[in-house]
Amino acid sequence: MLVVIVSFMQTGMGLLGNAALLMVYFGIFISQPHHRKPTDLILTHLTVANTVTLLTQGAPTVIFATGLENKLEDVGCHILSYFRRVTRGLSICITCLLSVFQAITISPSTSCWAWLKPKATGYVIPSLIFFWILHLSMYMNILTATVPIYNVTSTVNRLNMKYCSDMFSKKYLTNVAFVSVITLRDVFFVFLMSWASGYMVFVLYRHQKQVQHIHSTSLSPKSSPETQATHTILLLVTCFVTFYCTNCIIILTSTLVEDKNFRMMDAMTNLSAFYPALCPWVLIKNDPRVPR
């Protein structure tokens, strides 16, 4: 019952937040172009990826947990698992792109990244196109490797992601080259976004020290929109890295320990959907352009 409640809340609130955020971004792009920010395009793609993740992961979990019959059949489960993996990969890459872009944006003119500042915006669209093409092609094998599971008799099993299982077949897991590529991708992008976040913290700390020399504490000026945006991105990266590392620990533990009741699989499913469900509300709370 707890898994059902968490899945309902996670999926419902996540879809509501992402839908509201997409409406705001589309409204800005169409009718308020003067309110556009350099990061809006990146955030729009991240919101789309989060929405698809919730639809392909959260919604089937909720449907199956309520006892409805699986009518997706084999092909439907393959497609569902394919897009789930694609959007998971896109989420880590786009979040990394967001943090690196903001780190370059706030870098001082004397830093070694200063030469990238005027060119950074021009690299956004090519990077997003590259990420989409890369992940859509990278996971093509999942369309034939995912194995849906229909025969579920245990009460505990009914409350986990058996509606359309996202587990690879044994043959697919033995593809060391593919697993190595996925692992290296995750390690690289998590390291890059962590480095960019650390750099942003350093820049903000140094800026605060400089400001304190000019202004007294009581007359300290209000944070600039750029600083507020940086704080928001740092919060997003912190949430992503926290959920990602926790998920990795659960995966490793479930690999080493046989979990007959699939409780670890339930926790893994919920954790995977926490970031796409939480992300839009962090952005909504910190974006003054969103109507209150």
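The account below goes from the whole chain to the pocket, and then to its surroundings.

Analyst: This is a predicted model, in which local features need pLDDT of at least 70 and side-chain atom pairs count only at pLDDT 80 or more, while totals for chains, interfaces and linings use all residues. Residues are numbered from 1 along each chain as its sequence is written, and side-chain values use heavy atoms, with hydrogens and water left out.

The secondary structure of the protein chain comes to nine helices and zero strands, where helices are DSSP runs of H or I of at least four residues and strands are runs of E of at least two, numbered from the N terminus. Read in sequence order, the pattern is accordingly α-α-α-α-α-α-α-α-α. The chain has 292 residues, of which 44% count as buried; buried stands for under 20% relative accessible area, exposed for over 50% and partly exposed for what lies in between, with a 1.4 Å probe and protein chains only. Among contacts (heavy atoms within 4.5 Å) between residues at least 6 apart in sequence, 82% join residues at least 24 apart.

A pocket is here an open set of points on a 1 Å grid where a 1.4 Å probe fits, with protein on both sides within 12 Å along at least five of seven lines, and its lining residues have an atom within 4 Å of a point. In this pocket 21 residues form the lining, and the closest to the centre are Lys 37, Thr 39, Gln 102, Pro 225 and Ala 229. Four helices, namely α2 (40-65), α3 (73-106), α8 (225-256) and α9 (263-286), each supply at least two residues of the lining, and α8 gives the largest share, six residues. By class, the lining has ten nonpolar, six polar and five charged residues; Ala, Val, Leu, Ile, Met, Phe, Trp, Tyr, Cys and Pro count as nonpolar, Asp, Glu, Lys and Arg as charged, and the others as polar.

Thr 39, one of the residues closest to the pocket centre, lies in the loop between α1 (2-31) and α2. With 9% relative accessibility Thr 39 counts as buried, and, leaving aside neighbours within four places in sequence, Thr 39 is in contact with Leu 98, Phe 101 and Gln 102.

Ala 49 is found in helix α2 and, at a relative accessible area of 0%, is buried. Not counting residues up to four places away in sequence, Ala 49 touches Thr 87 and Leu 90; the C-alpha atoms of Ala 49 and Thr 87 are separated by 5.1 Å, although the two residues are 38 apart along the chain. Arg 88, in helix α3, is partly exposed at 27% relative accessible area, and its C-alpha atom is separated by 8.1 Å from that of Asn 50, a residue 38 places away along the chain.

Helix α4 (residues 117-138) can be followed from Ile 125, which has its place there. Ile 125 is partly exposed, with a relative accessible area of 48%, and 8.2 Å separates its C-alpha atom from that of Leu 41, 84 residues away along the chain. Phe 131 also lies in helix α4 and, at 8% relative accessibility, counts as buried. Phe 131 and Phe 189 form an edge-to-face aromatic pair, 5.8 Å centre to centre with 80 degrees between the planes; rings of Phe, Tyr and Trp (its six-membered ring) pair if their centres lie within 6.5 Å, and planes under 30 degrees apart count as stacked, over 60 as edge-to-face and the rest as tilted. Phe 189 belongs to helix α7 (residues 176-214), so this pair ties together parts that are 58 residues apart in sequence. Both of these phenylalanines, Phe 131 and Phe 189, are buried, and together with Phe 130 and Phe 188 they form one aromatic cluster.
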